Amino acid sequence: MTDRRSAERRIAGRPASPGYAAGALYVGPIGARAERTAGDPAAERAALQAAIEAAAEALRDLAQGAGVQAAGILELQVAFLEDEVLAEPAYAAIEQGVPAQQAWAAALDVEIAGYEASEDEYFRARAADLHDIRERVLGLLHGGGGAEPAGAVPAGAIWLAPDITPSRFLAFDWARGGAIALTGGSPTSHVAMLARARGVPMVVGLQATAGETGGLHLAPAVLDARSGELVVHPGAAARANFEQAARSYAESAGRAAAHLHAAACTADGTRIRVLLNVAEPADLETLDPSICDGIGLVRTEFLFERHGGQPDEATQVACYERILEWAAGRPVTFRTLDAGGDKPIPGLTIDGESNPFLGVRGLRLSLLRPGVFRRQLRALARAAASAPAGAEVKLMLPMVTLAAELTHARAILDDEIAGLAAAAIAHRRPALGIMVEVPAAALAIDTFDAEFLSIGSNDLVQYLAAAGRDNAAVAGLADPLQPAVLRVLAQVCRHAAASGIEASLCGDAAGDPRAVPALLHAGLRVLSVAAPAVAQVKAAIAAVDLGRAHD
Amino acid sequence: MTQAMQAQGSAVLVNEVGLHARPSVKFTQLAKRFAARVEFAFAAGGPWIDAKSPVKVMRAKAPRGTTLHFRAEGPDAAAAVAAMEDLVNRRFDEGEAP
């Protein structure tokens, strides 16, 4: 006879917050509520009202001690509790003689079902917030606090539940360790965001029924929240695998964190500059400029999406100046409007193109809308005057195909600069470079008189491989490390080195630690990446030895 | 009898996530600052939704790209509609984390 309790069981799920945890499973929520005797409708109405007010008060207190993100989540719950509309059906049921707790639960269940039925994953995830409110008020109606009693959950436990509410998450002291394993849940839920922010490992969508999980309370388990697997009663082999994976993850995370503020250097001492990709100025507010060597790509589309396609010059100048101020003398590359393709802007881009990726996008659109283009060039030249003397301010043109387009754009820039000078408006001429993403430009790169080059690997790969970025079925063909792409990268880098101009790479490949060695061996010395990738990319750079042949 | 002031307007939701949790809270908090009745709808002819109720605003589940029509009635109706349009156009003043 096999001992059922010790049989190893692997349950697959989806990762929601990376990390590893080993510990006892805590299957919750459990704990029966005390029975409550219902009074007359007036008493029930008063009881529900008091419970709702107390719940809102408790959440406001919790929000006070929470971080900005957590406070934002609790804010919605408080707003809901303060809204009389939420409890209206419950009060109506109470008038019909239904006890407060049943009336409240039924009203919230209807509301929750509305969210669960949504097609949008983000709205579906809000069902958990409603659950949280439901449970908290019910707990108060029953005379309890609604929060987990202290000591009920063992330190370092892996919570196994259908879902967990944000307020339960926040009420728990995660400093003692622990992890979350959910049979329901979603990677886009508030709890998942909180878990990622706090570094709590979390897996959602585990393939197990409530009946199955019920028998697992306090069973030993290991959770791999990178692969999404929960192993209950792990055998010696599973435990050894887990420990090795957890150790190597902890080591790489530790190494990466140590690299965040350091200048990036390869093992052989070659300095690599790591720049940031910025989608909008708000991205920078929480970032320390010392983690990067500058900004390699400011996407300016956000300005045009927000202002209905036509941001005025002053708005643009203010926004560009804010970014330059943050950079504090570090180089900043602004990309002119890159609309079209998968980034339509109503009123600006061309509607109804049969193949927008091969249509009027990037510089092609700017040359078609010279008024919009000239205004942006003027705003960039004016903002550049605010940068400290000697700080590099660069202007990059997207989707350039032929050298004549660069010549055309340069003539327009020169014209605007002359106009600013004539009007005695403070300005500075930014360096003018191109984004290398159209194969025709990459292959004939020596025909371009650009002051710098930045390789847009996402589009370059999709055009070289004829594999659309928007089509998962051909994603396997869109490998940025395939020979054709690496040859083109190497050719562009050779040309840049020979002509004494900078070549950088600002696509997703730059932020992928696995791609970094190949990119450096292809000749790149400047990578521009999203802020969360900086530490890992610097760590990956440190492991590369350019003195040794790649592969 | 004074004729109540009325105002109308519209704006397109251009923030990343549409009228989700935090945008909804800001939306209703702003609407509540005005004495006027403030409502919104997905079509110029309604049906109209109370812009001061977080529960009703979230129930509407307005995704990115939706055009929100506003109407207000009361002494500060014009200011209310202008402020609501401005909040939507400013993308609710936040980064894209929902």
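Colleague: Is A466(A) buried or exposed, with its count of other C-beta atoms within 10 Å?

Modeller: Two remarks on the source come before the reply. This is a predicted model, in which local features need pLDDT of at least 70 and side-chain atom pairs count only at pLDDT 80 or more, while totals for chains, interfaces and linings use all residues. Residues are numbered from 1 along each chain as its sequence is written, and chains are lettered from A and ligands numbered from 1 in the order in which they are written. As to the general idea, a residue is buried if 20 or more other C-beta atoms, placed from the backbone, lie within 10 Å of its own, exposed if 12 or fewer, and partly exposed in between. A466(A) has 9 such atoms and is therefore exposed.

Colleague: What is the phi of A466(A), and in which loop does A466(A) lie?

Modeller: Most residues other than glycine have a negative phi, and most peptide bonds are trans. A466(A) is not a glycine, yet its phi is positive, about 50°. Its place is the loop between α17 and α18 of chain A. Helices (H or I, at least four residues) and strands (E, at least two) are DSSP runs, numbered from the N terminus.

Colleague: Which residues of helix α17 of chain A are buried, and what covers them?

Modeller: Helix α17(A) spans residues 457-465, and its buried residues are S457(A), D459(A), L460(A), V461(A), Q462(A) and L464(A). Their cover includes β13 (431-436), α16 (439-443), β14 (452-455), α18 (483-499) and β15 (502-505) of chain A.

Colleague: How does one read the length and the buried face of helix α12 of chain A?

Modeller: The expected span of a helix is 1.5 Å times one less than its number of residues. Helix α12(A), residues 313-327, has 15 residues and should therefore span 21 Å, which agrees with the 21 Å between its end C-alpha atoms. An α-helix has 3.6 residues a turn, so residues three or four places apart point the same way. In α12(A), the buried residues are Q316(A), Y320(A), I323(A), L324(A) and A327(A). Seen down the helix axis, these buried residues fall within an arc of 100°, so they line one face of α12(A); the arc is that of the directions from the helix axis to the C-beta atoms. After α12(A) comes A328(A), with a positive phi near 50°.

Colleague: Which way do the residues of strand β11 of chain A point?

Modeller: In a regular strand the side chains alternate between the two faces of the sheet. In β11(A), residues 332-335, V332(A) and F334(A) point one way, T333(A) and R335(A) point the other way, and all are buried.

Colleague: How many bridges join β11(A) to strands β10 and β12 of chain A?

Modeller: Two strands pair if DSSP finds at least two bridges between them. Strand β10(A), residues 295-299, runs parallel to β11(A) and is joined to it by three bridges; R299(A) has R335(A) as its bridge partner. Strand β12(A), residues 393-397, also runs parallel to β11(A), with four bridges between them. There, T333(A) has K394(A) as its bridge partner.

Colleague: What is the make-up of chain B?

Modeller: Chain B has three helices and four strands, in the order β-α-β-β-α-β-α from the N terminus. Of its 98 residues, 42% are buried. Its mean pLDDT is 85, and 92% of its residues reach 70 or more; pLDDT is the predictor's confidence in each residue, from 0 to 100.

Colleague: How many residues of chain B are in contact with chain A?

Modeller: Two residues are in contact if their C-beta atoms, placed from the backbone, lie within 7 Å. Here 20 residues of chain B are in contact with 18 residues of chain A. On the side of chain B that touches chain A, α1 (21-32) and α2 (54-60) each supply at least two residues, and α2(B) gives the most, with five. By class, this side has nine nonpolar, five polar and six charged residues. Ala, Val, Leu, Ile, Met, Phe, Trp, Tyr, Cys and Pro count as nonpolar, Asp, Glu, Lys and Arg as charged, and the others, Gly among them, as polar. The model scores ipTM 0.86 and pTM 0.53.
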